[in-house]
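The tour goes from the whole chain to a few selected residues.

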Amino acid sequence: MFEATVSEGVLRLRRPGTRWLSTGWDGGRSRAAAAYNVTVSEGFDRTDLAAYRDERLARAGFAGDADDSVGDGGSGDGDPDASPALFTGVSMDHARGARLGPAVAYATVGLSNPAMLPADPASAAESQGPTEAAEGPPGPGTVNLVVGTTRRLAPGAAANLVAVAAEAKAATLLAAAGVPGTTSDAVVVGDDPEGKPAAFSGSATAVGGAARACVRDAVRASLRSRYPDGDVPGPAADAEHGVVTDERAEVFDP
């Protein structure tokens with residue numbers, strides 16, 4: 001589905017004409033030939049992310065990709081901002097992909113900044129780790145996902161596939177590492193505007209079911225690569241960065 005290339009710490013997933021929906025930096029809907037996952041250095045503190053992205057793509061030899069990017073209106077103006085870009089402290093050596101039927105998923109997994117959501121906040125406040133984000137720049141965390149399908153997704157189906165991917169990621173990480181995700185996870189979904197139409201993408205659909213399996217297996221593979229000894233910084237370890245949501249919300253009848 002995508003031509004995957006890694007160069008200078010950047011993973012490029014290329015398929016001309018793809019429609020994207022990104023929850024990451026400068027996200028939203030767009031249409032472009034490629035999406036990117038970019039490894040940043042430890043202590044990264046750049047705030048000019050558009051300029052930084054352009055520098056990294058140029059260094060990786062991907063600067064010409066903007067020539068066949070198009071915006072939401074299909075203007076073909078070569079806007080580089082149409083291509084979604086995710087950032088992570090995880091090396092692209094740990095990027096892994098999985099494909100099944102009409103879906104494919106790519107994942108990079110780092111868990112140094114876990115985000116816990118205990119079912120019993122009172123007990124968690126007494127026994128678990130940090131209750132607020134630590135000072136300073138984040139460590140090499142973030143779980144980034146790029147999920148693609150050969151189907152033409154309805155707008156609602158594309159948005160729902162983000163939720164399906166996030167749910168599959170959380171279920172996989174809870175089973176493997178005891179955490180549902182990190183403080184900075186992001187999902188990008190891509191679909192084919194010329195593909196067979198799909199009005200829905202829930203877990204019982206061909207698209208949603210395949211995407212769930214792909215996310216699970218890509219996340220597990222990246223997790224094993226990143227933590228080959230199984231020493232993940234989950235709730236049983238003292239993570240350098242992270243958050244535990246131990247507040248209680250007011251519950252009421254509408």
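A contact here means heavy atoms within 4.5 Å. Among contacts in the protein between residues at least 6 apart in sequence, 78% join residues at least 24 apart.

**Whole chain**

Start with everything selected, and keep in mind that this is a predicted model. Display it as a cartoon: there are four helices and twelve strands to find. The protein has 254 residues, and 48% of them count as buried. Switch to a surface view next.

**Colour by confidence**

The mean pLDDT of the protein is 88, with 84% of the residues at 70 or more. Select residues 71-77, where the pLDDT is below 50; this stretch has eight contacts in the model beyond near neighbours in sequence. Then select residues 129-139. Here too the pLDDT is below 50, and the stretch has 20 contacts beyond near neighbours in sequence. Where pLDDT is low, the predicted coordinates should not be read in detail.

**Select T182**

Look in the loop between α3 (155-177) and β10 (186-191) to find T182. Is T182 buried or exposed? Its relative accessibility is 9%, so T182 counts as buried, the cut-off being under 20%.

Show side chains now. The side chains of T182 and D185 are joined by a polar contact of 2.5 Å. The T182 side chain also reaches the backbone nitrogen of S184, at 3.2 Å. Leaving aside residues up to four places away in sequence, T182 touches G110, L111, N113, P114, A115, T142 and V143.

**Select the aromatic rings**

The count of aromatic pairs comes to six. One of them is W25 with F87, an edge-to-face pair with 5.8 Å centre to centre and 65° between the planes. Which parts of the chain does the pair link? W25 is in the loop between β2 (10-22) and β3 (28-39), while F87 is in strand β4 (residues 85-88), and the two are 62 residues apart.

Compare the cover on each partner. W25 has 29% relative accessibility and so counts as partly exposed, whereas F87, at 17%, counts as buried.

Next select F44 and Y52. This aromatic pair is tilted, at 4.7 Å centre to centre with 55° between the planes. Y52 is buried, because its relative accessible area is 7%.

To finish, select W25, F44, Y52 and F87 together: they form one aromatic cluster.

Note on methods. Residues are numbered from 1 along each chain as its sequence is written. This is a predicted model: local features need pLDDT of at least 70, side-chain atom pairs count only at pLDDT 80 or more; totals for chains, interfaces and linings use all residues. Side-chain values use heavy atoms; hydrogens and water are left out. pLDDT is the predictor's confidence in each residue, from 0 to 100. Buried means under 20% relative accessible area, exposed over 50%, partly exposed in between (1.4 Å probe, protein chains only). A polar contact is a pair of N or O atoms within 3.5 Å; within protein, one must be able to donate a hydrogen and the other to accept it, and residues adjacent in sequence count only if both atoms are side-chain atoms. Rings of Phe, Tyr and Trp (its six-membered ring) pair if their centres lie within 6.5 Å; planes under 30 degrees apart count as stacked, over 60 as edge-to-face and the rest as tilted.
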